[in-house]
Amino acid sequence: MRRYTKPAVVVTALGALGLAAFGSGAADAAGGNAGSGSSPRVTAESVSWNHGTAQVNKRVMQRFTSEFLPTGDPALARKFISPNIVMHFGGTTQQGRDTYLGIVAANMKAFPDLKWTVEDMRAEGDTVAIRYTMTGTHEGPFAGVEGTGKKIHAESFAFYRLSHGKIVEERAQLDMLGILTQMGAIPAA
């Protein structure tokens with residue numbers, strides 16, 4: 001099992017092919033340089049487009065998880081997240097980058113030492129699936145529970161759909177029962 005804690009140093013030739021097709025927005029998010037000269041020619045002998053798209057999207061998500069998630073920086077959010085992102089979690093649907101930033105800020109206030117560790121990442125077509133481990137200390141309000149000072153450790157899964165190098169949809173499932181139990185909001189069995 002691979003753990004992605006740092007972005008890859010080099011964008012592969014496959015990633016460069018995908019970046020040329022997407023333009024500067026995807027290149028910027030994936031860490032490439034779109035204005036670096038001639039575009040590579042994609043031919044029938046090239047790797048499949050679906051695989052190329054998946055690899056570019058995976059690279060974008062590696063940067064998203066290593067650069068944006070630890071900071072919640074709005075400038076980085078503009079680089080990685082569509083203004084009209086649609087988020088599905090906890091039986092609700094919400095929309096908009098500002099809403100996303102509000103959720104991230106609330107989580108960081110509740111868990112000032114919040115850390116997301118990517119345990120596994122898989123990409124296919126326009127979708128990237130990530131399995132995370134979330135750790136932190138419950139210091140502020142979360143899910144209606146005031147800070148308890150307790151350490152939490154939880155698993156999370158998320159599916160991200162990307163378009164032109166930006167996240168346009170997120171479907172996430174966090175182990176809320178485990179978190180609430182560790183915080184003491186729900187009695188342990």
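Which side chain meets that of Asp120 in a salt bridge?

1. The partner is Arg122: the two side chains meet in a salt bridge, at 3.3 Å from N to O. Please keep in mind that this is a predicted model. Asp120 counts as buried because its relative accessibility of 18% is under 20%. Arg122, in contrast, is exposed, with a relative accessible area of 54%.

2. Now look at helix 3 (residues 49–68), which holds both Glu67 and Arg63. They sit 4 residues apart, about one turn of the helix, and they form a salt bridge whose closest N and O atoms are 2.7 Å apart. Arg63 is buried at 9% relative accessibility, while Glu67 is partly exposed at 24%.

3. Glu169 counts as buried at 15% relative accessibility, and Arg161 is partly exposed at 34%. Across the whole structure, the search finds 6 salt bridges.

4. On to the aromatic rings, where the count comes to 6 pairs. The rings of Phe111 and Phe142 have centres 5.0 Å apart and planes at 70°, so this pair is edge-to-face. The pair links distant parts of the chain, 31 residues apart: Phe111 is in the loop between helix 5 (97–110) and strand 3 (115–124), and Phe142 is in the loop between strand 4 (127–137) and strand 5 (151–163). Both Phe111 and Phe142 are buried.

5. Finally, a cluster to look for: ring pairs link Phe64, Phe68, Phe80, Tyr100 and Tyr160.

Conventions
Residues numbered from 1 in each chain as written. Predicted model: local features only at pLDDT ≥ 70, side-chain atom pairs only at ≥ 80, totals over all residues. Heavy atoms only, no water. Phe/Tyr/Trp six-rings, centres within 6.5 Å; stacked < 30°, edge-to-face > 60°. Helix = DSSP H or I, 4+ residues; strand = E, 2+ residues; numbered from the N terminus. Buried < 20%, exposed > 50% of the residue type's maximum accessible area, 1.4 Å probe, protein only. Salt bridge = Lys/Arg side-chain N within 4 Å of Asp/Glu carboxyl O.
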